[in-house]
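Please read it alongside the sequence and structure shown here.

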Amino acid sequence: MIGYVTMGFAGVAPSVRAEFGAAGRVFGHLLRVTPGGLWHVVADVSAHEGRQNPAGGPVETNPFGVLSESAAHYVTDAAGNSLLRVALGGAVSTVATFPSRPAAATDAVPTGVVRGPDGALYVGQLTSVPFADGAASIFRIVPGAAPTVWASGFKTIIDLDFAADGSLYVLLHASGPVFFAGPGQILRIAPDGSRSLVLGNLDRPTSLVVGPDQALYVANRGITAMGGEVLRVVP
């Protein structure tokens, strides 16, 4: 199976990549990876921020979430506060930008992106400092229209995915009032909008996907060098 991954870039200007030499050439790119471990560049995602700065404000970039479909790829630029479309030929265009949180004027920081059962795109929000509980939202995006808040009142959303029954599973990087002290969690938003806790006590989780068996596969201990793990969770 072919995989597509983003190489992030820590929320700085794309022009800074030159300071990292040869290793920095792939920072801020979307890559295609084969089962044998070979890879090649699909698109320079961060260059789009440098050229157009779609959301305005400082020029800074950190490609994060990626949704790969047969017609195109969709990438969130967490630092650029934007959702981008990467055509199969590598051309990058802006789908949507996300507003800063009005009360604090801090970055939106979009993270995971997924296609919903209604055909719209759904994007989770980490928010910025101090990562307050209740500040993060899930946006619904229809190309050509501004994002709308579909659900709110979350903390540090890092990824999300829909199940076959229409439930949306939401991965929180941490819990607690502010910052990242509390454990990560998986929440379920049922088709009727009700919410429930699926699993708590995760250690800085970073990614979630609903598998073909409808189990949840979660990357846990995502910031622990050589200690990461993938958990299988049956809701």
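A pocket is an open set of grid points where a 1.4 Å probe fits, with protein on both sides within 12 Å along at least five of seven lines. The model is predicted. By this definition, the second largest pocket holds about 230 Å³ of space, and the largest pocket about 520 Å³.

**Largest pocket**
- Val66, Val113, Asp159, Leu208 and Val209 are the closest to the centre of this pocket, out of 21 lining residues.
- At least two lining residues come from each of β1 (3-6), β4 (63-68), β8, β12 (157-162) and β16 (207-210).
- Among the contributors, β12 gives the most to this lining, with 5 residues.
- By class, the lining has 13 nonpolar, 5 polar and 3 charged residues.

**Second largest pocket**
- The lining has 15 residues, and those nearest the centre are Asn62, Ala78, Ala79, Val109 and Leu126.
- This lining divides into 8 nonpolar, 5 polar and 2 charged residues.

**Thr111**
- Thr111 sits in strand β8, which spans residues 110-115.
- Strand β8 is also one of the strands that supply at least two residues to the lining of the largest pocket.
- The relative accessible area of Thr111 is 2%, so the residue counts as buried, the cut-off being under 20%.
- A polar atom of the Thr111 side chain lies 2.8 Å from the backbone oxygen of Ile157.
- Beyond four places in sequence, the contacts of Thr111 include Phe64, Gly65, Thr76, Val123, Leu126, Ile157 and Asp159.

How values were computed. Residues numbered from 1 in each chain as written. Predicted model: local features only at pLDDT ≥ 70, side-chain atom pairs only at ≥ 80, totals over all residues. Heavy atoms only, no water. Helix = DSSP H or I, 4+ residues; strand = E, 2+ residues; numbered from the N terminus. Buried < 20%, exposed > 50% of the residue type's maximum accessible area, 1.4 Å probe, protein only. Polar contact = N/O pair within 3.5 Å; in protein donor to acceptor, adjacent residues only side chain to side chain. Contact = heavy atoms within 4.5 Å. 1 Å grid on protein atoms, 1.4 Å probe; cavity = no way out; pocket = protein on both sides within 12 Å on 5 of 7 lines; lining within 4 Å. Points joined across faces, edges and corners; volume = space filled by probe spheres on them. Nonpolar A, V, L, I, M, F, W, Y, C, P; charged D, E, K, R; others polar.
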